[in-house]
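Dear colleague,

I am handing over the structure we talked about, with the sequence alongside. Please look through it first, and then read my notes below, which go through what was found.

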Amino acid sequence: MNQARFWMPCLDKPNEKFTVDIMVSVPMDQSLLGGSRHQMIAVCSGKLLSRLQQDKRFVYLFREDTPISTSSLVIAIGPWESIRLVQNKKLDNVDDQFTEKLGNQHSKIEIFYPLGYKKAVQATTFFLPQAMEFFEQWIGTSYPFDSFKIVFTEHLSGLSFIGSSCVVCGLDVLVQESTIDQVIETRSLLSQMLVRQWFGHYVSPTHWDDIWVIIGFVSVISQQFIRKLHGANEDKFRGRKDMERCVYLDVNQLPLCPSQMSSHLIENYPEHFPCYPEQDPQSPRSELLQLKAALVLQMMEKRMGKGLIQKICNRIIVQTMSGELLNGLSTLTFLKVARKISGKIEIKEFADQWIFGSGCPIFDVSYHFNRKKMVIELKIKQRSSNDGVEGCTHKFSGPFTIRVQEPAGQFDTEVKIEEYVQQYDIIYHTKYKRIRRQPKKKKKSDEQQEEEEEEEEEEVVAEQLQDGTVELKIAEPDRITFESIRLDPEGIWLCHKTFEQDDFMWLAILKKEKDVVAQLESVQGIARINTLASCHTLAALSKDPNLYYRLRIESIYSLMNFDTPELEYAGLTSLMKLLKDQFVMVSSVNLPKRNNFDNLIEYYILCALVDTITRFRSPEGHSQRMVRELLMDMLEYNDNTHNQFSDSYYVSLLIDSLSFSFMTRPRSYDDVWKIHETRQVPKERTRKLKKSDFEEIEFKTGSGFHQVDIPDEDIFKRCLKELERLLVQEYQVPSYRNTITVSCLTSYCFFQAHRMMKPNLELFLEYSRYTC
């Protein structure tokens with residue numbers, strides 16, 4: 001491979017484009033496992049002109065008439081089978097989407113795959129004809145190349161390589177008809193690959209620092225199709241989680257476009273390498289670029305005008321077709337087009353803060369109702385997530401909406417954020433008569449009696465909560481001035497807001513607002529109020545079938561905040577009762593019901609419950625015995641015989657949760673919410689790794705090995721026996737992507753590293769062989 005530069009064009013700049021003719025000579029066939037031989041096929045960017053036979057080889061001739069850059073050129077050779085996807089078909093019947101006649105000229109999409117993967121390919125790619133039709137209508141032009149080819153192959157060093165009209169993917173991208181968990185991610189990934197043909201190869205960046213524009217367009221356009229497939233609630237919820245993740249990552253990072261920074265400042269960031277995210281997927285810079293580029297474009301559209309991004313896309317495509325963008329799409333060209341279409345002068349100020357500056361704002365908001373002036377005094381303090389870093393935006397400015405729900409209705413007030421600390425007077429619109437109350441003088445004996453009654457009531461409530469015979473509701477005061485306050489209800493700002501209000505106000509938002517983001521803010525707000533009433537409210541939300549399922553899952557994870565001795569572990573009690581009531585057939589022996597994943601919502605709820613109960617810890621860092629018993633019984637008696645869906649991910653989750661329950665993990669209750677916010681993507685903040693970040697583990701065998709005391713040793717022995725049985729079963733019937741094998745080996749590694757069992761490195765050596 002070190003000689004590739006002698007037979008491939010080497011041009012470093014993405015705007016250096018050319019047309020190309022490629023000739024590929026391959027053997028006629030190749031010997032496969034089992035002694036059979038299969039024909040070799042060459043796939044390349046461009047249109048296949050001819051295939052000639054010379055001696056015992058095939059010579060393929062490809063031509064790409066559309067100018068492309070060097071990074072867009074892809075060549076793949078292997079013993080594959082191929083199918084074409086037919087367009088203009090309904091998605092009700094997957095089999096109608098495919099034809100094996102390679103002479104069908106009406107299909108633009110062709111799939112190549114190894115032997116034995118036809119059904120998985122059909123289940124993975126059946127939606128692509130509908131996606132191409134959607135993108136052609138949204139972008140306003142037809143597909144820019146002759147065809148779109150996807151190659152699924154083994155032993156790929158990365159997840160995918162996206163070239164002009166040709167994409168090479170690993171087999172890990174494929175999903176089966178019985179797979180549940182990876183479907184949305186796979187569809188999103190393939191949709192982005194398809195959009196990259198318009199923005200990335202047909203329209204390329206001028207310089208590598210301008211690549212954020214391409215990544216932003218690809219993410220925004222693909223999200224429109226995912227929104228059509230899975231609904232607006234899924235899109236809004238994922239967008240909100242992406243925003244939280246982006247603010248968390250934007251620490252010690254460069255701006256989206258670092259072209260205006262000095263070269264000596266950029267050298268201080270060794271992780272910075274301007275490229276597409278799939279080329280360096282483990283880099284925090286790649287993940288931040290993927291998230292922030294799309295969020296900034298969406299924020300620009302909300303501020304400058306609805307439909308702005310689609311109009312900009314159409315204009316850029318037209319300019320590319322007419323030859324006006326010969327040097328590619330630069331950041332300045334994008335801003336000029338945006339200003340011309342929107343007519344907004346504020347685009348320069350917006351670009352200086354969000355594109356040429358790094359960091360995201362963090363707002364600390366507090367309020368006070370002034371009854372004399374009849375106004376709500378709102379105080380906003382702002383700071384940057386990238387404070388102390390050269391090149392960051394220290395002060396953000398722009399319009400900020402405050403929504404107040406009053407007895408007379410809902411009122412929005414728009415203010416302008418300009419300073420680090422600013423106070424605003426929000427006019428109160430509802431008129432009411434002031435009522436004077438006579439102060440009541442209570443005797444000391446009466447006060448003591450009331451305290452005793454409250455204590456008795458709390459004891460009764462705690463007992464009834466364990467039995468599940470009472471439903472607590474957050475009580476509202478006798479007289480309220482306004483019901484709730486929402487900050488930035490339209491999601492115009494990419495920011496983190498620290499804002500607290502009473503529990504009944506969060507509950508009012510949850511009841512009256514239909515927006516998923518508003519309900520998500522309400523669930524998170526209630527979870528930060530550490531009371532028994534809030535705990536039971538979240539438990540009731542997790543059972544509500546009318547609530548959006550992701551909000552139910554959010555409520556389940558939020559109950560981790562109530563893992564305190566003061567509340568007698570009410571969160572764990574609620575989750576254990578919910579798990580047993582819905583998914584356990586005989587609660588006395590923890591016999592689970594047979595798996596039936598026809599209702600996908602209930603499947604996601606089950607996985608969330610299993611993942612959550614193992615995170616509850618005592619002050620010493622131990623899980624409770626009832627958690628280990630329940631997880632062990634659910635794993636041991638798991639029955640998937642009459643289920644049409646695969647339970648590979650579910651069994652893998654049970655193994656991981658059970659193994660984790662034996663670990664001693666003390667943690668501070670002050671960090672519970674921080675853990676909950678970042679549970680889905682367990683990556684640390686962007687920084688250089690230090691020597692103290694690594695833990696040295698010494699495996700001692702023989703007389704030097706000393707086994708630690710294991711809690712609930714009887715359950716631990718059952719766990720080891722079950723892991724051994726599952727590994728033997730995996731030899732006969734491998735799970736999807738060998739997820740169960742990976743979880744079993746991970747559990748063995750944890751147990752050996754924590755001296756809970758003797759080291760056995762031969763076990764891992766056996767699975768490290770290529771033949772396994």
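A residue is called buried here when its relative accessible area is under 20%, and exposed when that value is over 50%. By that cut-off cysteine 257 is buried, because its relative accessibility is 1%, and cysteine 607 is buried as well, because its relative accessible area is 13%. The search for disulfides in the structure came to a count of zero.

Please keep in mind that this is a predicted model. The average pLDDT of the protein chain is 82, and 81% of the residues score at least 70. Two stretches call for caution: over residues 434–438 the pLDDT stays under 50, and the model gives them six contacts beyond four places in sequence, while residues 668–695 also have a pLDDT below 50, although that stretch has 46 contacts in the model beyond near neighbours in sequence. Where pLDDT is low, the predicted coordinates should not be read in detail.

As for the overall build, the protein chain has 772 residues, of which 52% count as buried, and its secondary structure comes to 23 helices and 22 strands.

The largest nonpolar core holds 204 residues, and the members that touch the most others are Phe135, Phe152, Phe199, Trp212, Phe217, Phe334 and Leu494. Helix H7, which covers residues 284–304, gives this core its largest share, namely eleven residues. For phenylalanine 135, once neighbours within four places in sequence are left aside, the contacts are Gly140, Ser191, Leu194, Val195, Trp198, Ile221, Ser222 and Phe225.

Turning to charged pairs, the whole structure contains 36 salt bridges, and three of them are described here.

In one, arginine 240 pairs with glutamate 521, with 3.0 Å between the closest N and O atoms. Arginine 240 sits in helix H5 (residues 232–249) and glutamate 521 in helix H13 (residues 516–527), so that this pair links parts of the chain 281 residues apart. Both arginine 240 and glutamate 521 are buried.

In another, arginine 403 forms a salt bridge with glutamate 490, and here the closest N and O atoms are 3.3 Å apart. Arginine 403 belongs to strand E16 (residues 398–406), whereas glutamate 490 is in the loop between strand E19 (484–487) and strand E20 (496–499), a separation of 87 residues. Arginine 403 counts as buried because its relative accessible area is 12%.

The pair of aspartate 639 and arginine 594 has its closest N and O atoms 3.1 Å apart. Aspartate 639 is partly exposed, at a relative accessible area of 21%, whereas arginine 594 counts as exposed because its relative accessibility is 55%.

Finally, salt bridges with shared partners join Arg240, Lys241, Glu244, Arg486, Glu513, Glu521 and Glu554 into one network.

With best regards

Conventions. Residues numbered from 1 in each chain as written. Predicted model: local features only at pLDDT ≥ 70, side-chain atom pairs only at ≥ 80, totals over all residues. Heavy atoms only, no water. Helix = DSSP H or I, 4+ residues; strand = E, 2+ residues; numbered from the N terminus. Buried < 20%, exposed > 50% of the residue type's maximum accessible area, 1.4 Å probe, protein only. Salt bridge = Lys/Arg side-chain N within 4 Å of Asp/Glu carboxyl O. pLDDT = per-residue confidence, 0-100. Contact = heavy atoms within 4.5 Å. Core = buried A, V, L, I, M, F, W, Y, C linked by side-chain atoms within 4.5 Å. Disulfide = S-S within 2.5 Å.
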